[in-house]
Amino acid sequence: MSLAVSRISKKDRNVKKTKKIRRNNESVLELAEKIKKNYRKKQEKKQSEPHLGTISNENNDTNKDKIKQKQKQKHKGVVEKVEKEEKEEKEEKEEKEEKEEKEEKENNSKPNIESFSDLNLIPELLEACEKLNFKKPTPIQIESIPPALEGNDIIGLAQTGSGKTAAFAIPILQALWHARTSYFACVLAPTRELAFQIKETFDALGSDMGLRSCCIVGGMPMVDQSIQLMKKPHVIIATPGRLVDHLENTKGFSLKSLQYLIMDEADRLLELEFGPAIDTILRVIPNKRRTFLFSATMTTKLEKLQRASLHNPVKVMISDKYSTVDTLIQRLIICPSSQKNTYLIYLLNENIGKSIIVFTRTCAHAQRSSLLCRSLGFSAIPLHGQLTQTQRIGALNKFKSGAKLILFATDVAARGLDIPLVDLVINYDIPTDSKAYIHRVGRTARAGKSGKSISLVTQYDIELLHRIESVIDMKIPKEDVDRDAILTLHDSTERAYGDAIRKTREFQENRRFKSKGRRTNNEEDKG
Ligand SMILES: Nc1ncnc2c1ncn2[C@@H]1O[C@H](COP(=O)(O)OP(=O)(O)OP(=O)(O)O)[C@@H](O)[C@H]1O
């Protein structure tokens, strides 16, 4: 019974509930109907309003439409922009992930190279590396020797003093060991001194292989070089202009069988000045050859590289931008241009006993400053393009051996020269080309050693300084100097400078007299 009661009451409750819902629904429907009616009424009222403002109403309507359209467009524009940005962000992220994945895969697939023997080199080369005290390959050597041995063209960028010479010399010597042919490889360099130095590296690395090499540079007798070329060297190291002279004038000499072309300081060689000579050389060597381009400031701009006609080159970039080495301390001193010499003498006094290269913008400056310092008792020697080749070699040798402690040089010594004992580089003049700054200061702090550079910055050099700082991506800190001490040096420096100017004039007149009718001023060698 109680069950029956409870059933009825439940049914009752359900009926009540349904009624309530229906009522609610009805009231909602009624409400909706009411709203509709109100809206219709409003519309009718709007239409039946006096015609006074018809035109303006129409205008209003079109204006409203326009505004709405504009808002829509604006909204659409914002949405599109956001979507575009999101898409780009996504693509960038995907690209980055893909690159990282690829790099990781490459790294995993790369053999772990820790010593020269991991590079599969012939015993003669391994022994030579040992003799040179090369304990393990440098990063540029690790990255570029394997693809070079596989027969690829190479574009190599690595900081100054990082062992780029051996990075291209080793794979060439290994290939030569198997090929054993004359005129096998030709290395081009922008300066004579650098060409001599590269020859030394080849000779040292190829000492156990019976390597025949020769150096073909301007300023040396053509006849002697022709005799060298007739001895059928395996490797020729040359400055472009003099090589062209021989290709055009030395009977029986050609590079038709050349298999390797190397451009050291390639970005410099691919500049316009060297253009005609490089083009001539490229015309007479086989198209089917390997080409290596190396520099600390190597361009990857295709239009510049086109001249070298590379085939699918492997790019080996040890640094992703032009940079100076971490072991180099870079400083600058802001000084009035009228007191530059006094500041220089102060710096030389402060660094007495150290091995220093002072870079100047012109040959006359190098000559004059060197004479100034000598008259004040410093052990200085100039190196520039207005000296004879014998004087140039003599100056470099005296500096290398420590017989002279201060070398006053133009940019003829900026690139490539490897003088292990240089403690300090002074930029007496700020270079106009930022890349030249990187090469100049790179004459110290080489092969992991420490070093220092100080640049004298006058009121006229601020823009050049900013450009250099932006290229090397760092702000160069100021060097602390004792301005009072500098002032006390001023008078004696000025007197000695007057004397140096007179002597430089004598030097230049003498030179003009001697070289009358001859080609002069080989600042950098096209010849
Ligand atoms: N694996 C190595 N281990 C130790 N020293 C090395 C090694 N390879 C090269 N060197 C030495 O490092 C010094 C710098 O080498 P190199 O002159 O080839 O540098 P670079 O990269 O060509 O510099 P730059 O850009 O100034 O021309 C040289 O004295 C060279 O003998």
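## The largest pocket and its surroundings

With five residues, α6 gives the most to the lining of the largest pocket. Keep in mind that this is a predicted model, where local features need pLDDT of at least 70, side-chain atom pairs count only at pLDDT 80 or more, and totals for chains, interfaces and linings use all residues. Numbering starts from 1 along each chain as its sequence is written, and side-chain values use heavy atoms, with hydrogens and water left out.

So what counts as a pocket here? On a 1 Å grid over the protein atoms alone, a pocket is an open set of points where a 1.4 Å probe fits, with protein on both sides within 12 Å along at least five of seven lines; lining residues have an atom within 4 Å of a point. The largest one holds about 1,100 Å³ of space, a volume being the space filled by probe spheres set on the points, which are joined across faces, edges and corners.

Its lining has 43 residues, and Gly161, Ser162, Gly163, Asp418 and Ala447 lie nearest the centre. The elements giving two or more residues to that lining are α4 (139-149), α5 (164-179) and α6 (192-205). Helices are DSSP runs of H or I with at least four residues, strands are E runs of at least two, and both are numbered from the N terminus. By class, the lining has 17 nonpolar, 15 polar and 11 charged residues; Ala, Val, Leu, Ile, Met, Phe, Trp, Tyr, Cys and Pro count as nonpolar, Asp, Glu, Lys and Arg as charged, and the others, Gly among them, as polar.

The chain is divided into domain 1 (116-317) and domain 2 (328-510), with bounds from an automatic or database domain assignment. Each domain puts at least three residues into the pocket lining. The domain centres, taken over C-alpha atoms, are 31 Å apart, and 19 residues of domain 1 are in contact (heavy atoms within 4.5 Å) with 18 residues of domain 2.

Zooming out, the chain has 17 helices and 13 strands.

Two residues other than glycine have a positive phi, Tyr183 and Ala445:

| Residue | Phi | Relative accessible area |
|---|---|---|
| Tyr183 | near 45 degrees | 6% |
| Ala445 | near 55 degrees | 3% |

Tyr183 sits in the loop between α5 and β2 (185-188), while Ala445 is in the loop between α15 (434-441) and β13 (451-457). Tyr183 is buried, and Ala445 is buried too.

Definitions and conventions
Buried means under 20% relative accessible area, exposed over 50%, partly exposed in between (1.4 Å probe, protein chains only).
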